[in-house]
Amino acid sequence: MKKLIIIAGIMLCCCGCADTTEIGDRAIIQLAAVDCEDGEYTLSALLFSAGGSGGELDVTQSNVIKVTGSGKTLGEAVKELSLIDGKEIYMSEAKLLVLGGGFEETDIISVVTMLNRDMRCSLNMPVCCAESASLLTDLQFTEGITAAEKPVDMIKNAYLSGVSPMTTVLDILSDSAGGRETLIPSFALAINGSGMTSSDDGRTASLNGARLISGGKLTQTADLGQTAGYMLLSGLADSVVLNITDDSGEYSCEAYHIDVDWENGVPTISADYRSRAGKPLSYAQERACHEQLQAAAMQGLELFRAGGGEDFTEK
């Protein structure tokens with residue numbers, strides 16, 4: 001029995017070592033952006049080139065390059081990208097997937113399934129969208145070790161503030177299997193990013209809201225207010241950061257223990273409130289926070305219903 005266990009262990013080790021591709025022969029993708037327009041897929045990727053002695057990976061901004069491949073299928077686009085760079089594509093380290101133009105008509109589920117199954121991208125990889133997916137590959141962010149780090153941090157911070165979703169490949173696949181809609185964050189071009197990117201004209205990208213994936217395709221578009229309201233009504237936001245101005249000035253507080261009650265299809269929000277600076281809130285300040293939270297929920301009501309939230313309104 002011991003001999004059989006040892007032999008099985010050796011066989012597993014041999015199988016695990018079957019891929020002998022050296023790190024220097026791989027194209028390490030950190031951000032992938034996919035467009036599909038006029039029946040053609042375009043895959044734009046920010047990747048590292050191996051540098052230094054011994055084929056070690058030099059994770060610096062200077063080693064980030066953009067490579068683009070295209071084809072009638074996503075597989076063809078990946079293959080062309082590999083041929084251009086001359087290296088095997090490696091996606092398990094990718095930090096962000098951007099969906100761009102054409103996904104109002106093109107199935108998203110097949111794209112994320114292929115990237116996970118065939119390209120080994122992580123199920124925990126965040127997914128967002130932009131009018132043109134190449135927006136985030138063309139801009140070179142100067143903050144962070146990698147070019148993908150800044151937009152991912154923007155998504156995380158907005159999620160922690162309760163104003164935007166943080167959606168992963170697993171979320172999309174799970175929601176699709178369960179017949180549910182998925183909300184993903186959306187980026188747009190902005191001209192207020194002096195110092196954020198290498199652009200001399202201050203061009204950058206900022207979160208401008210979200211979009212729903214329904215039936216495997218991009219549907220409803222939401223601005224920041226509608227997105228925050230949808231987060232409240234759907235329970236995606238455990239807490240929300242509120243900035244209130246009154247006679248005493250501007251202050252920042254947090255709504256938590258959020259609950260939604262429905263009556264005749266109209267939501268009523270209740271929550272506890274606390275100052276982010278540690279100071280107690282007055283009754284008037286808590287009232288102002290409550291009014292802002294309720295207004296946000298009403299902004300997101302139409303999007304919530306469009307995303308299949310009618311069942312919640314019956315409770």
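The exercises below, each with a worked solution, concern a predicted model.

**Exercise 1. Find which elements build the largest nonpolar core, and which of them gives the most.**

Step 1. The largest nonpolar core holds 36 residues. Those with the most contacts inside this core include Ile 29, Ile 89, Met 91 and Phe 103.

Step 2. Among the elements that each supply at least two residues of this core are the strands β1 (26-37), β2 (40-48), β5 (96-99) and β6 (126-130). The helices α2 (74-85), α3 (108-117) and α6 (169-177) also each supply at least two.

Step 3. Helix α3 gives the most, with six residues.

**Exercise 2. List the residues in contact with Phe 103, leaving aside its neighbours within four places in sequence.**

Step 1. Val 34, Asp 35 and Cys 36 are among the contacts of Phe 103.

Step 2. Phe 103 is also in contact with Ile 108, Val 111, Lys 217 and Leu 218.

**Exercise 3. Decide whether Cys 128 can be in a disulfide, and state how many disulfides the model has.**

Step 1. The closest cysteine sulfur to that of Cys 128 belongs to Cys 129, at 6.7 Å.

Step 2. A disulfide needs two cysteine sulfur atoms within 2.5 Å, so 6.7 Å is too far for a bond.

Step 3. The count of disulfides is zero.

Step 4. Cys 128 is buried, at 0% relative accessibility. Cys 253 is likewise buried, with a relative accessible area of 0%.

**Exercise 4. Classify the two aromatic pairs and trace the cluster that ring pairs form.**

Step 1. Take Tyr 230 and Phe 304: the ring centres are 6.0 Å apart and the planes stand at 65 degrees. Planes over 60 degrees apart count as edge-to-face, so this pair is edge-to-face.

Step 2. Tyr 230 lies in helix α7 and Phe 304 in helix α9, 74 residues apart.

Step 3. Take Trp 262 and Phe 304: the centres are 5.6 Å apart, with 15 degrees between the planes, and the pair is stacked. Trp 262 is in strand β12, 42 residues from Phe 304.

Step 4. Ring pairs therefore link Tyr 230, Trp 262 and Phe 304 into a cluster. Tyr 230 and Phe 304 are buried, and Trp 262 is buried too.

**Exercise 5. Locate Arg 120 and His 257, and say whether each is buried or exposed.**

Step 1. Most residues other than glycine have a negative phi. Phi of Arg 120 is positive, near 60 degrees, and phi of His 257 is positive, near 55 degrees.

Step 2. Arg 120 sits in the loop between α3 and β6, whereas His 257 is in strand β12.

Step 3. Arg 120 is exposed, at 57% relative accessible area. His 257 is exposed, with a value of 57%.

Note on methods. Residues numbered from 1 in each chain as written. Predicted model: local features only at pLDDT ≥ 70, side-chain atom pairs only at ≥ 80, totals over all residues. Heavy atoms only, no water. Core = buried A, V, L, I, M, F, W, Y, C linked by side-chain atoms within 4.5 Å. Buried < 20%, exposed > 50% of the residue type's maximum accessible area, 1.4 Å probe, protein only. Helix = DSSP H or I, 4+ residues; strand = E, 2+ residues; numbered from the N terminus. Contact = heavy atoms within 4.5 Å. Phe/Tyr/Trp six-rings, centres within 6.5 Å; stacked < 30°, edge-to-face > 60°.
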